[in-house]
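Visitor: Please walk me through this structure. Keep it brisk.

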Amino acid sequence: MTRNLLLPLAILFFLTGCSDSNDALLEKLQAAVEREELGADGYQVIALDSLTDFEWETMYFFQAPEDEKAISDAIGFKWKGAAVPELNRRLLFVNNGEVVSFVDYDYTEFPLFVYGCNTDRWVYPRSRSRFATFKYCSGDETTYPFIPVECIDNLREMVEAGCPEGEGATAAAN
């Protein structure tokens, strides 16, 4: 009887334990980005710290094929999780020298393209957790650029181009 229970429990643990990605945060982020409530400047501002329900000091951005060593080198201590999966991006949150949460997302399903800002590319302190985002279309691909508000002028041409009516029917495929 016990053996019959152990196998299903082990399978359930394996399936649920494969990813510790914060799916609730991903849902909030995706809903906020896709809301597309553009301001007068052609973009919306998302306060990332308002979407999180945990304390964090710094957010890091990674993309496939960055492995455990590359992540550890970037955050300054040993990352005990997995490499970034193929076709995925990762937002990793650190507080007091430990990873407190992370979000993995398939960019072909949620085409959020995170941009660096000046010299601290891919590292975002909580004090700079307000991001500008907007829908951008190029041919039949739609993406959502995501950049600290302080650096939105780096993408001014993309903001102004936006997404002409009838373009951008599908998510980015690259």
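Guide: A term to begin with: rings of Phe, Tyr and Trp (its six-membered ring) pair if their centres lie within 6.5 Å, and the pair is stacked with planes under 30 degrees apart, edge-to-face over 60 and tilted for the rest. With that rule, Phe54, Trp56 and Phe93 form one aromatic cluster. Note that this is a predicted model: local features need pLDDT of at least 70, side-chain atom pairs need pLDDT 80 or more, and totals for chains, interfaces and linings use all residues. Residues are numbered from 1 along each chain as its sequence is written, and side-chain values use heavy atoms, with hydrogens and water left out.

Visitor: How many aromatic pairs in the whole structure?

Guide: The search finds nine. One of them is Tyr107 with Phe113, an edge-to-face pair with 5.9 Å centre to centre and 80 degrees between the planes.

Visitor: Are Tyr107 and Phe113 buried or exposed?

Guide: Tyr107 and Phe113 are both buried. Here buried is under 20% relative accessible area, exposed is over 50%, and partly exposed is in between (1.4 Å probe, protein chains only).

Visitor: Why is the pair of Phe131 and Phe146 called stacked?

Guide: The centres of Phe131 and Phe146 are 4.4 Å apart and their planes are at 0 degrees, so the pair is stacked. Strands (E, at least two residues) and helices (H or I, at least four) are DSSP runs, numbered from the N terminus. Phe131 and Phe146 are both buried.

Visitor: Back to Tyr107. Which residue lies over the face of Tyr107?

Guide: That is Arg89, at 3.8 Å from the ring centre of Tyr107. Arg89 also lies over the face of Phe113, at 5.4 Å from that ring centre. The rule asks for NZ of Lys or CZ of Arg within 6 Å of the ring centre and within 35 degrees of the ring normal.

Visitor: Now the sheet. In what order do the four strands come?

Guide: The order is E4-E3-E2-E6, in an open sheet with antiparallel pairing. E4 and strand E6 (123-125) stand at the edges with a single partner strand each, so one side of each has no neighbour in the sheet. On average, neighbouring strands of this sheet are turned by 20 degrees against each other, direction ignored. Two strands pair if DSSP finds at least two bridges between them.

Visitor: How many bridges join E3 to E4?

Guide: Eight bridges join strand E3 (residues 88-95) to strand E4 (residues 98-106). Asn88 has Asp106 in E4 as its bridge partner. E2 and E6 pair over three bridges, in the antiparallel sense. Met59 stands opposite Tyr124 in E6.

Visitor: What sits between E3 and E4?

Guide: E3 and E4 form a hairpin with two residues between them. Asn96 in the turn has a positive phi of about 50 degrees. Asn96 is exposed, with a relative accessible area of 59%. Leu87, in the loop between H4 and E3, also has a positive phi, near 65 degrees. Leu87 is partly exposed at 36% relative accessibility.

Visitor: Where is the cis peptide bond?

Guide: The bond runs from Ala64 to Pro65, with omega near 10 degrees. Pro65 is in the loop between strand E2 (58-63) and helix H4 (68-75).

Visitor: How many disulfides?

Guide: The count is two, with a disulfide taken as a pair of cysteine sulfur atoms within 2.5 Å. One joins Cys117 to Cys151, S to S 1.7 Å. This link is right-handed, with 55 degrees about the S-S bond. Cys117 lies in the loop between strand E5 (112-114) and E6, and Cys151 in the loop between E9 and helix H5 (156-161), so parts 34 residues apart in sequence are tied together.

Visitor: And Cys137, what does it join?

Guide: Cys137 is joined to Cys163, S to S 1.5 Å. The link of Cys137 and Cys163 is left-handed, with -40 degrees about the S-S bond. Cys137 is in strand E8 (residues 136-138) and Cys163 in the loop between H5 and strand E10 (170-171), 26 residues apart. Cys137 is buried at 6% relative accessibility, whereas Cys163 is partly exposed at 25%.

Visitor: What pattern do the disulfides follow?

Guide: The pattern is 1-3, 2-4, with bonded cysteines counted along the chain.

Definitions and conventions:
Axes fitted to C-alpha atoms, helices over the stretch in contact; angles between N-to-C directions.
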